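Subject: Structure handover, with notes on strand pairing

Hi there,

Here is the structure I promised to pass on.

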Amino acid sequence: MKSLKVVVSVLAIALLMVSTIAYFLNLPLSGYILWFAVPLCIIAVYLSLKPKKNAKITPILMLMLAMFSFGSVPKAFANIYQRYGNVGWIYPDGEAWAMVDTGADQLCFKWSFSQYIILPYIGVWFPIGYVEIYDSHGTIYFRDGKSETIPTSEELWLSYSGENVWITFKIQACYILASPVPAFLTPEISLTFYIGDPPSDGGGGCPYVYTWAGQQYVMDNNLLPASEMSNGVDVEDRYMLEQPLFPSHQGTAFSLYSLQIREFEHEHDFIDQVKVVALDHASDVKIAVTPKGEILTYRQPLAPLSCIDNDGTSRLNEVVSMDGNVSDTTTYFEGYPGDYLILNFGKVDAENAKLILRDDMKCMEVCIEVQVPSQTGDWQTVEVLNPRNYWAIEAVDLSEYVVEDEDLLVRLYWTSPHRLDYVGLDTTPQDIFELHYATLISAIHSSEGNVRRRLLENDQTYAELTPGQQIQLTFQLPNNRNEERTFILYTEGHYSTIAP
Ligand SMILES: [Ca+2]
Ligand SMILES: [Ca+2]
Ligand SMILES: [Ca+2]
């Protein structure tokens, strides 16, 4: 026992010395060496205290160290829509500041921390932190404190171009005294920007859903679009997630999934109920949901034979493929109130006729009306679509409007501005899929704590969001045993504009 203590102590001291020398000579890997030295130190302290009465203190010290290491993480958020902006965060004795200038295609990240030496503790300072800059497509810049020394102050400039992305600047600089007691810890500082234009909804806000994409949350789309016309009455929303949603925790039989609902500005959201449904299916089957909540499967929709707008111009090229790029007007059709498209799908010799569309641009008024010819030779509206801010796929079941030996004609009528990227008709029979209702495990509101109970039932007991607030939802689902998993988010509630 005594020899073990000697070996551990000698090894710990030796590693500490090597690491100290490496640190002050600015050699790499001093952080890695300390990863081994610190636990050895703790074990050595424990072994030497064990025969004495104060041995019980050691586990408490270890627990304290662990608690400090996993302490809460302050974050600064910024939703910067203009072409230039900055956000800063100051922590006692530490400072981080970030700036995005899309005009000059430049990012700047600046930080400074002071180094402390607290006597009488003897030890070394070592950085276990990191600096990271990532956008919603991947990492732009990364430095790891374990393999190099992170400077205590730096001004970093990077060239960058791109729009409509989130950029997060993160720094964690932990200078820990290599004794069982942490002397100085700077919690992670995170600064997040949104680069791009504000959502094109005429100045109003609305709740947005974010999905956990493995590394960070990514913005998916706005929720409850029909609330714009509901005058404060609850509406239902069924949204097939467009962005990837990865498990935040993968178990052997069950997995956890995490979503966030955020409100940026102007609106006061009242969310009565949220549910997530997972649909597991083969990879050659696709899923879409109708505004009424019917789940339709499709495979290869047929393009219309013709697609003529109200000026008599063919718009087939714009709507024949899912390639909508907002900065390329040849990839979509943009309609304004009173505009329409008449689609001819020819004779449909099948029991199913599922119209699959992809559209965007949320608006304050009633939206795209889907119409078929009526008995009187007029057009009758069979469904109303409420497009969202970003491209989303929707479906309308037209099976009952198919007339044998007659061309299937569909008119899409615009009552407010929207873009249409794609429209096609799928006539395949319904495919099989496995449906799972997810269990809501928790719903953590950014200022009110767990609001899960309020979101379970449609009972007019709401979780409310005001600008700057968010709710983090965690759902549990059995693991997917099929090839693909599609998620539908159901929300029920409404939002109203806060008077400026
Ligand atoms: Ca409720
Ligand atoms: Ca298109
Ligand atoms: Ca309700």
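Below are some notes on how its strands pair.

A word on conventions: this is a predicted model, in which local features need pLDDT of at least 70 and side-chain atom pairs count only at pLDDT 80 or more, while totals for chains, interfaces and linings use all residues. Residues are numbered from 1 along each chain as its sequence is written, and chains are lettered from A and ligands numbered from 1 in the order in which they are written.

Four strands make it up, in the order 21-28-23-26, with antiparallel pairing (strands are DSSP runs of E, at least two residues, numbered from the N terminus; two of them pair if DSSP finds at least two bridges between them). Strand 21 (333–335) and strand 26 (392–397) are the edges; each has a single partner strand, so one side of each lacks a neighbour in the sheet. On average, neighbouring strands here are turned by 35 degrees against each other, direction ignored (axes are lines fitted to C-alpha atoms). Three bridges link strand 21 to strand 28 (residues 418–426), antiparallel, and Gly 335 sits opposite His 418 of strand 28.

Now for strand 30 (residues 439–445), which pairs with strand 33 (residues 470–478) through six bridges in the antiparallel sense. There, Ser 442 has Thr 474 of strand 33 as its bridge partner. Strand 30 also runs antiparallel to strand 31 (residues 449–450), joined by two bridges, and Ile 444 is bridged to Asn 450 in strand 31. What joins strand 30 to strand 31? A hairpin does, through three residues.

Happy browsing!

Key: Axes fitted to C-alpha atoms, helices over the stretch in contact; angles between N-to-C directions.
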